[in-house]
Amino acid sequence: MGGEIQLVALVKRFGSVTAVDAVDLTIPQGEFFSLLGPSGCGKTTTLRMIAGFEQPTSGQVLLDGADMAGIPPNKRNVNTVFQSYALFPHMKVFDNVAYGLRRAHVARAEIKQRVSEVLEQVQLDEPLGSLDAKLRRQLQVELKALQEQVGITFLYVTHDQEEAITMSDRIAIMNQGHVEQAATPREMYEEPATAFVADFLGVSNLMDARATRTSGAAVALDLGSGIVVEARAGDVSASGTVKVVIRPERVTIEQAGVTGPNRIPAMVTRSIYLGNGVRVITHLATGHSLTVLVPSTGDGTPASWEPGESVTCHLPDSALRVLPLDSGAADVQPVPAT
Amino acid sequence: MGRAVLTAYFWAFVVFLFAPLAVLVVFAFNQSMTPTLPITGWTTHWFHQAFSDTELTGALLRSVGIGAATGLFATALGIMASVGLNARRLRLRALVVAVLLLPLVVPYISLAVGLLVLLNQLGIQISLWAVFLGHVVITLPFAVLVIFPRLRSLDPAMIEAARDLGSNELTAFNLVTLPLLVPSLVSSFLICFITSFDEFAIASFLAPPGQPTFPVFLYTGSRAPGLLPELIAIGSLIIVASLVVIAIAEGGRRWAERRLRGITAEELPTGQDVPALQI
């Protein structure tokens, strides 16, 4: 059946702008792969080069191992779903659906049968505009199920990270034309390779720190104001200035005055009730702002922390992740504001 | 007060525009040889006489023929020029546009003289073909100005979708681009037809003796007093025919636009990106 996509050192320049900068990716057959990133990161251009609407400046697009250089879109075994849907306004619904089948010279009777089958599943009186969040989530699950059932490769371009996480087998996060990281959603979330990825995917607490001493699997980090914590995840052999990241749900809030390793005195600045938990924003003694997610407990009442209250934040060493300082970190805000 | 002035202005404008046409239609049915008031009696005699005048009907047919040929050819060239102009990369785009639109600002009389000299130099006898060529030159800018904006407004994703679904460039053009251009092609044809039909300077230089186009025939005929009533009758018929054509064209355009509106990109909710690509 096939369906493997391979990108080799793919580059696309528009004038002096490098839209796609040396992208290497291999997407095996049958995988649901998402390209995720902010607008202008090059994900759409990458997609367009695979479909054949743009010619690479250099590098290769391989489909099932065959170099696609100079192959027009109609000769490539890929199909694109357009953002604007690109329905032909001068054709009836039937003819729109039948277009591809006709070009593939499918027999008339078969076209009729297949299009009718498809149209039976479409509720034409349901305007697409009413796709609310709930229905959208439901469709995501169905799309994923369909993809698994048919076994075709999906390359999904989105800026909606929840969508990407829900549906994808693997995700690549792009930034300024290059791939920051390509991994499974779980790896991407739990083990971000760069500060950009950590910040882009979900909510992260990113802090500047100085690696002072490395001892095997752990590194001591000076967060400032003489407060030192130990980190056991990420680049533990780093030295000098680094970024350290921790997810809000990995931090625990304890009573003021609790001491111990990786515990930092803090003050609650805001407390936001979320339904399934409480988001508490604290101000650490180091000067950093730290967002903590306190989940609701078994009896449905999340612990309440009032603004102004003194607390202790526990940052477990296994959840503190050391990241190299990269160029992408420059446009990353240290900590989300809310 | 302001409203009264505006209303008066509007009606003055209407009278200024349409009074000459109304006068023409009224005098077409006048019994007298001379178009003067008071009208002495009504008759359809001049219409009968006009249609039995073979010189007149010959000229009319010549003009209709040249107009139709000009409309078709200029529209075809206009499509090609528009496709070229729509290319993402085009060297000397400004120059190409300037050359295409140049006939708009060159007086027809200069073009006529130039064409005459050129044909002489090439040893080609003036003929109705020369008139046709001259008319294609002057109507091409109109064709481009009508077709290009329509082409530009088409969603490029539509053509890409056709290509993606297995059409080569030519098939995608024939099945998607061309049908979507139809309203502008009809407009282009009508504008080019009318322009050619109405054109005097080039035709007067290039139409061979004994084969005048209708405007040339009108001009020479209007100096022979005996012909005047016939010309008035034909002129009023042409006005009515024009109104009918315009009404049909406008009706057709509205019908086509309603049909083409269908589901278009702007009516649908869109995300920020192209959603998916599948193998």
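Modeller: We will go through chain A, then its cores, and then some helices of chain B.

This is a predicted model, in which local features need pLDDT of at least 70, side-chain atom pairs count only at pLDDT 80 or more, and totals for chains, interfaces and linings use all residues. Residues are numbered from 1 along each chain as its sequence is written, while chains are lettered from A and ligands numbered from 1 in the order in which they are written.

Colleague: How many helices and strands does chain A have?

Modeller: Chain A has seven helices and 20 strands, where helices (H or I, at least four residues) and strands (E, at least two) are DSSP runs, numbered from the N terminus. Its C-alpha trace spans about 80 × 50 × 35 Å along the principal axes.

Colleague: What percentage of chain A counts as buried?

Modeller: Of its 338 residues, 34% count as buried. A residue is buried if 20 or more other C-beta atoms lie within 10 Å of its own, exposed if 12 or fewer, and partly exposed in between, with the C-beta atoms placed from the backbone.

Colleague: Which domains is chain A divided into?

Modeller: Chain A is divided into domain 1 (5-190) and domain 2 (195-331), with bounds that come from an automatic or database domain assignment. The C-alpha centres of these two domains of chain A lie 37 Å apart.

Colleague: And how many residues are in contact between them?

Modeller: Seven residues of domain 1 of chain A are in contact with six residues of domain 2 of chain A, where contact means that the C-beta atoms of two residues, placed from the backbone, lie within 7 Å. On the domain 1 side, strand 8 (170-175), strand 9 (178-183) and helix 6 (185-190) of chain A each supply at least two residues. That side divides into three nonpolar residues, three polar and one charged; Ala, Val, Leu, Ile, Met, Phe, Trp, Tyr, Cys and Pro count as nonpolar, Asp, Glu, Lys and Arg as charged, and the others, Gly among them, as polar.

Colleague: Switching to cores, which residues touch the most other members of the largest one?

Modeller: In the largest nonpolar core, which has 74 residues, they are A:Leu155, A:Ile173, A:Ala231, A:Val244, A:Cys313 and A:Val322. A nonpolar core is a set of buried Ala, Val, Leu, Ile, Met, Phe, Trp, Tyr and Cys residues joined through C-beta atoms within 7 Å. Helix 7 (residues 195-200) of chain A gives this core its largest share, five residues, and the core draws at least three residues from each of domain 1 and domain 2 of chain A. Apart from it lies another core, of 57 residues, with A:Tyr99, B:Met158, B:Ile232 and B:Ala233 among them.

Colleague: What about sheets, say the one with six strands?

Modeller: That open sheet has the order 12-11-10-14-20-13 (chain A), with mixed pairing, and two strands pair if DSSP finds at least two bridges between them. Its edge strands, each pairing on one side only, are strand 12 (227-231) and strand 13 (233-234) of chain A. Strand 11 (residues 218-224) of chain A runs antiparallel to strand 12 of chain A and is joined to it by five bridges, and A:Leu221 stands opposite A:Val229. These two strands form a hairpin with two residues between them, and A:Ser225 in the turn has a positive phi of about 55°.

Colleague: Over to chain B: is helix 7 mostly covered or mostly uncovered?

Modeller: Helix 7 (residues 156-164) of chain B is mostly covered, since seven of its nine residues are buried, including B:Met158 and B:Ile159. The buried residues of this helix pack against helix 1 (43-51) and strand 6 (79-81) of chain A, together with helix 8 (169-198) of chain B. Just after helix 7 of chain B, B:Gly166 takes a positive phi of about 105°.

Colleague: Which residues are buried in helix 10 of chain B?

Modeller: In helix 10 (residues 214-221) of chain B they are B:Phe214, B:Val216, B:Phe217 and B:Gly221. Seen down the helix axis, these buried residues fall within an arc of 160°, so they line one face of the helix; the arc is that of the directions from the helix axis to the C-beta atoms.

Colleague: Last one, why does B:Phe205 count as buried?

Modeller: B:Phe205, which lies in helix 9 (residues 201-206) of chain B, counts as buried because 22 other C-beta atoms lie within 10 Å. Leaving aside its neighbours within four places in sequence, B:Phe205 is in contact with B:Ala112, B:Val113 and B:Leu116.
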